[in-house]
Amino acid sequence: MPVRFAFLTDTHHYPDAPENYGAPKMLTRSKEVLDAIPPAINALNPDFAVHGGDFLCGGGSFDLPTDTYLRSIDEAATTLDRIEAPFYSIPGNHDCDAQTGSFDGFAARFPLPEPLSIVDAAPRLRLALANVFFECDVFAQGSGVWSDALDQSLRSAADQALADGCALLLFLHTWVLPDYEGKGLVENAERLRNTLDHCPAIVAVFTGHRHINRITAHRDYLVVDTACLIGYPLGFREITLSENGYFTTHFHALDLAQLIEDSYDRSTLEQNRVWQGEIYDRENEILVPRLKEIWS
Ligand SMILES: [Fe+2]
Ligand SMILES: [Fe+2]
């Protein structure tokens, strides 16, 4: 049986935001975006859904007051509870209190891996949900850290998955493979890449954070970076994993045409192309050798 799930990220809810902040974000309309998410995902009836972090606008950059932070957690959690499929998530750098750096308020409503949670999400499929902000100073290390504890936990989860005939998907908020700008890369990314290279149960890695769609076939696994849900191109991925080893992704923009256009108008054509990615960063069907090996 194929497995089909939704991956969404960087919803950045900010109640009564005073401005939109940097493009493509449309923070003054974050509630409109948030409310449109559950019906869009429920319409697909996926096996499960995963959020890649940055639910909120805490952390650096926005200087969010604590009472607004607490209100944003409640509104985001209550709205996303309307997603009918099992829902999993990881934290982003903007999910902590901007005044203290604490994730306690967030952890009261969303699970917080300490630092890695493993979930049996479907037959022969496990999720490794990584918290790259665990025990780190999120203001000084806004791209998170691939720590010893994360590395060891992932290696043992991958060994166990292989022994059990399960494929493993890794989710972390920040990037694993650099681009020409080199921004937003998790600290110790090279060590993580080495672990990925040597753990054949890991078939794909999912990230958010940079608000850019990009898919990279690296060695015999995939690295899937996804754009934000608070601005252009304002959508999420529907992913299907098939028994013959194929990974299929479709990008679903939310049904908010005017909002998408307003966000688009904040950037140059060139920058919008970067947020959106090439067509094959959104719509693609790729044979993943590791998935084929484990599932067929
Ligand atoms: Fe973000
Ligand atoms: Fe982020």
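Helices α1 (residues 30-42) and α2 (residues 66-80) have axes that come within 9 Å and cross at roughly 20°, so α1 is roughly parallel to α2 (angles under 35 degrees count as such). This is a predicted model, where local features need pLDDT of at least 70, side-chain atom pairs count only at pLDDT 80 or more, and totals for chains, interfaces and linings use all residues. Residues are numbered from 1 along each chain as its sequence is written, with chains lettered from A and ligands numbered from 1 in the order in which they are written.

**The helix pair**
- α1 passes α2 in a right-handed crossing (the near helix is turned clockwise from the far one by less than a right angle).
- On the α1 side, Leu34, Asp35, Ile37 and Pro38 make the contact, and on the α2 side Ala76, Thr79 and Leu80 do (contact puts C-beta atoms, placed from the backbone, within 7 Å).

**Cis peptide bonds**
- Ala23 to Pro24 is a cis peptide bond, with omega near 5°, and Pro24 sits in the loop between β1 (3-8) and α1.
- Glu114 and Pro115 are also joined by a cis bond, with omega about -10°; Pro115 lies in the loop between α3 (104-107) and β4 (116-122).

**Positive phi**
- Most residues other than glycine have a negative phi.
- Asp54, in the loop between β2 (48-51) and α2, has a positive phi of about 60°.
- Asn188, in the loop between β6 (167-171) and α5 (189-198), has a positive phi of about 70°.

Note on methods:
Axes are lines fitted to C-alpha atoms, for helices over the stretch in contact, and angles run from 0 to 180 degrees between N-to-C directions. Helices (H or I, at least four residues) and strands (E, at least two) are DSSP runs, numbered from the N terminus. Angles under 35 degrees count as roughly parallel, over 145 as roughly antiparallel, 65 to 115 as roughly perpendicular and the rest as oblique. Two residues are in contact if their C-beta atoms, placed from the backbone, lie within 7 Å.
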